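Q: I would like to learn how to read local features in a protein model. Can we go through them one at a time?

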Amino acid sequence: MMSAPSVPQIAILDVLLFSTGIAGAGELFRDDFRGFPPRVLSEPVRGLTNAIEEYHHLPHRGVPLHPWANAILHDDAWAGGDEDGVPFLEMHIENPLPQLMNPTLVVGDPEWSNYTVEASVRPLSRREMAGLVFRYRHNRHYCLFSLSDGTRARLRVRLPIESAYREADWRDLGEVAFQYQTTRSYVLRVENDGPRIRAFIDGKLVLEASDGELLKGKAGITANLPTRFTGFLVTAADAEELAISRRIAERETELSRLRGANPQPKLWKRFRTPGFGAFRNVRFGDLNGDGKPDMLVAQNTRRVRTNDFAQISCLTAVTLDGEVLWQIGRPDPYNDITAHDVPFQIQDIDGDGKYEVVMVKDFKLQVLEGATGKRIQETWMPAMPETRRIRPYEREVGDSLAFFNFSGKSGRREILVKDRYENFWVYDNDLQLRWSGTGQLGHFPYPFDMDGDGKDEMVIGYSLWSSSGKLLWSHDAALKDHADGIFMGNISGDPSKPPRVYACGSDEGFLMFDKDGKLLKQVRIGHAQTPSIGKYRPDLPGLQIMNINFWKNPGIITLFDWDGNIVEQGEPIHSGSPVLPVNWRGDGHEFAMLSANVTKGGMIDGHLRRVVLLPDDGHPDTTFAVMNITGDPRDEIVVWNTEEVWIYTQDRAFEGNQIYAPERNPEYNESNYRTTVSLPRWVANTPSEWSTVLEEAWGKGLR
């Protein structure tokens with residue numbers, strides 16, 4: 001059994017290692033944590049669920065952490081403080097089982113290699129673990145040196161793919177018996193030299209290993225029960241520090257080259273939304289019939305539970321010139337935030353060439369005149385099923401709303417309304433209930449005419465339904481977590497191949513089924529949250545699926561090819577994002593938008609490189625949308641917060657005979673959880689072709 005130095009010796013070590021915050025020669029990073037205030041560093045916004053950052057950008061959750069980053073930002077696990085005049089950083093929560101994540105703060109650069117990392121660590125509980133993270137690639141793939149269970153020290157590698165549902169996979173590199181106490185600190189140190197790893201406690205070597213799976217990456221601190229850290233230091237030999245700097249400079253030079261080759265964002269239009277603005281709770285459509293998109297903004301009140309029974313409180317229609325067309329309800333800035341779906345859309349429901357607003361409000365399914373907001377039609381929502389676990393109301397309030405063509409008539413005009421997450425109802429465009437269903441529905445359905453009969457089949461949850469309401473196949477009972485994003489279609493690039501169903505199934509990971517429901521592939525990449533599909537990699541056949549994780553593993557992006565194989569994975573941000581495809585160049589190579597933030601956001605390519613950044617001009621960056629609004633078929637970027645909207649376009653004209661004009665999900669089926677799909681299409685680079693694309697998007701073409 002190892003012996004430990006006395007408390008005075010540890011205090012001396014603390015002073016020697018962490019007395020200054022100024023980095024010296026060979027130091028990559030040093031922090032004594034005195035820059036953090038003595039309180040919890042992050043707090044949920046206005047008491048909302050932490051889901052707000054699934055698809056919004058927030059600068060921070062209470063206290064700016066830079067240069068540190070909270071790898072599990074939704075857990076609010078970190079607090080500052082002082083003990084006997086020494087600042088500490090404390091992981092202050094209990095991380096419950098199953099531990100699919102570990103509260104972690106990281107710092108540094110992915111190019112850090114061959115470094116030594118050390119920190120003074122004082123576990124406040126002898127259950128579970130506390131220690132150092134190193135060679136950090138993302139929050140599901142890193143090395144860990146920890147004090148564990150009060151009795152041992154361990155070296156481990158967290159593996160990015162799980163083999164079983166909600167069971168984190170680790171590979172052990174070694175462990176040694178070590179009794180530790182909660183009344184004192186221990187200086188943990190790890191030396192990295194190529195594959196060689198050497199781990200020390202209070203200056204004594206306790207473990208050695210050789211492992212080449214991860215040879216570089218960030219460093220940090222982690223714990224699963226309350227733990228105090230009173231210093232942090234990362235050093236490297238002078239020659240290695242120079243090599244790291246050289247690799248970073250080469251990377252930044254290449255990024256500058258890539259960014260310079262792309263069109264730059266240029267402000268096209270801006271307007272204010274005073275008092276009636278909202279976060280990502282808007283719809284776009286031609287409300288006033290002028291052939292241009294307008295913006296419909298919904299504020300909502302949170303009732304009963306945080307997300308399950310929210311209801312629209314105010315609806316405002318505004319043109320992209322900032323002219324308010326109409327408003328119903330009373331605006332209140334407190335109701336600006338959403339962390340869920342809201343049942344309202346814009347669609348020409350009666351086929352008369354004019355758009356209506358269809359929504360659920362005050363327990364009624366309602367149709368409003370798009371130009372005026374005048375109520376045209378309404379019907380009471382159905383009764384809440386007795387099987388609902390929480391049943392606060394007699395009638396349903398609705399969670400989301402989508403349009404289908406189940407009749408075979410022109411356009412998608414049947415209305416599907418669902419709750420969260422068990423029941424759905426299908427109405428015709430006269431608001432007559434036609435059929436209904438139950439299942440593990442997830443968030444939002446997807447329409448697809450699988451058999452070419454002019455009628456949509458419906459993918460919802462892990463099930464396929466016919467146009468007449470027959471359940472064709474289902475995996476709802478077999479899969480334990482709901483589907484966050486789903487899609488059905490052929491994205492292989494070979495038109496002779498049959499369609500497939502793709503699902504990002506929360507903790508079930510990424511799933512792929514054939515058209516008859518056979519499970520072809522499942523990859524447990526963590527909480528697979530928000531997918532999009534586009535031509536992100538011109539060097540690969542077909543289209544690619546981009547997924548971003550959120551709960552327990554936020555910010556990890558995985559790019560799959562059409563056949564479900566991983567081609568890229570990384571962690572460019574530590575939050576969620578809609579990762580919307582952007583036809584920015586017009587040459588068939590699409591990017592994905594992370595956020596409008598000038599440092600953490602921008603557009604990434606299929607190698608997860610930030611290749612387009614928005615200018616640092618004071619624009620809002622809470623949320624964004626991507627759509628073709630003006631000029632050629634390339635996309636514009638709409639960014640907004642609760643007070644104003646800015647719209648960006650390209651700073652240069654497109655040159656070439658053919659321009660990429662992908663077909664996208666219709667705007668009448670918008671959702672915070674839909675899989676945004678960008679299917680290939682090319683048109684002549686002429687104004688007449690541009691007009692056709694715009695008419696399809698905002699006129700009569702996609703009804």
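**Reading strands, contacts and rings**

A: Let us start with strand pairing. Strand β46 (residues 636–640) and strand β47 (residues 644–650) are antiparallel partners, joined over four bridges. The model is a predicted one.

Q: Which residue of β47 stands opposite Val638?
A: Ile647 in β47 is the residue facing Val638.

Q: In what order do the strands of the open sheet with β46 and β47 come, and how do they pair?
A: The order is β16-β47-β46-β45, four strands with antiparallel pairing. At the edges stand β16 (265–272) and β45 (623–627); each has a single partner strand, so one side of each is left without a neighbour in the sheet. On average, neighbouring strands of this sheet are turned by 20 degrees against each other, direction ignored.

Q: Which strands make up the open sheet that includes β31?
A: That sheet has four strands in the order β29-β30-β31-β32, with antiparallel pairing. Its edge strands, β29 (446–448) and β32 (471–474), each pair on one side only. Strand β31 (residues 463–465) runs antiparallel to β32 and is joined to it by three bridges. Within this pair, Trp465 stands opposite Leu471 in β32.

Q: Which side chains make polar contacts with the side chain of Arg152?
A: One is the side chain of Asp149, at 2.5 Å. Another is the side chain of Glu175, at 3.1 Å. Arg152 and Glu175 are 23 residues apart along the chain, and their C-alpha atoms are separated by 6.7 Å. Arg152 lies in strand β9 (residues 152–158). When residues up to four places away in sequence are not counted, those that Arg152 touches include Ser146, Leu147, Val176 and Tyr180.

Q: Where is the peptide bond from His66 to Pro67, cis or trans?
A: The bond from His66 to Pro67 is cis, with omega near 10 degrees. Pro67 is in the loop between β1 (27–31) and β2 (69–70). The bond from Arg420 to Tyr421 is also cis, with omega near 15 degrees. Tyr421 is in the loop between β26 (414–418) and β27 (423–427).

Q: What is the phi of Glu128, and what is the phi of Ser506?
A: For Glu128 phi is near 65 degrees, a positive value in a residue other than glycine. For Ser506 phi is near 55 degrees, again positive in a residue other than glycine. Glu128 is in the loop between β6 (115–123) and β7 (129–138), and counts as partly exposed at 25% relative accessibility. Ser506 is in the loop between β34 (500–504) and β35 (510–514), and counts as buried at 0% relative accessibility.

Q: How many aromatic pairs are there?
A: The count comes to 28 aromatic pairs. One of them, Phe33 with Trp68, is tilted: 5.9 Å centre to centre, with 50 degrees between the planes. Phe33 and Trp68 are 35 residues apart, and each is in the loop between β1 and β2. Both are buried. In the pair of Tyr180 and Tyr186, the ring centres are 6.3 Å apart and the planes are at 80 degrees, so the pair is edge-to-face. Tyr180 and Tyr186 are both buried.

Q: Which residues form one aromatic cluster with Phe33 and Trp68?
A: The cluster is formed by Phe29, Phe33, Phe36, Trp68 and Phe232.

Q: Which charged ends sit over the rings of Tyr186 and Trp380?
A: The charged end of Arg184 sits over the ring of Tyr186, 3.9 Å from its centre. The charged end of Lys364 sits over the ring of Trp380, 4.8 Å from its centre.

Terms used. Residues numbered from 1 in each chain as written. Predicted model: local features only at pLDDT ≥ 70, side-chain atom pairs only at ≥ 80, totals over all residues. Heavy atoms only, no water. Helix = DSSP H or I, 4+ residues; strand = E, 2+ residues; numbered from the N terminus. Contact = heavy atoms within 4.5 Å. Polar contact = N/O pair within 3.5 Å; in protein donor to acceptor, adjacent residues only side chain to side chain. Pairing = 2+ DSSP bridges. Axes fitted to C-alpha atoms, helices over the stretch in contact; angles between N-to-C directions. Buried < 20%, exposed > 50% of the residue type's maximum accessible area, 1.4 Å probe, protein only. Phe/Tyr/Trp six-rings, centres within 6.5 Å; stacked < 30°, edge-to-face > 60°. Lys NZ or Arg CZ within 6 Å of the ring centre and 35° of its normal.
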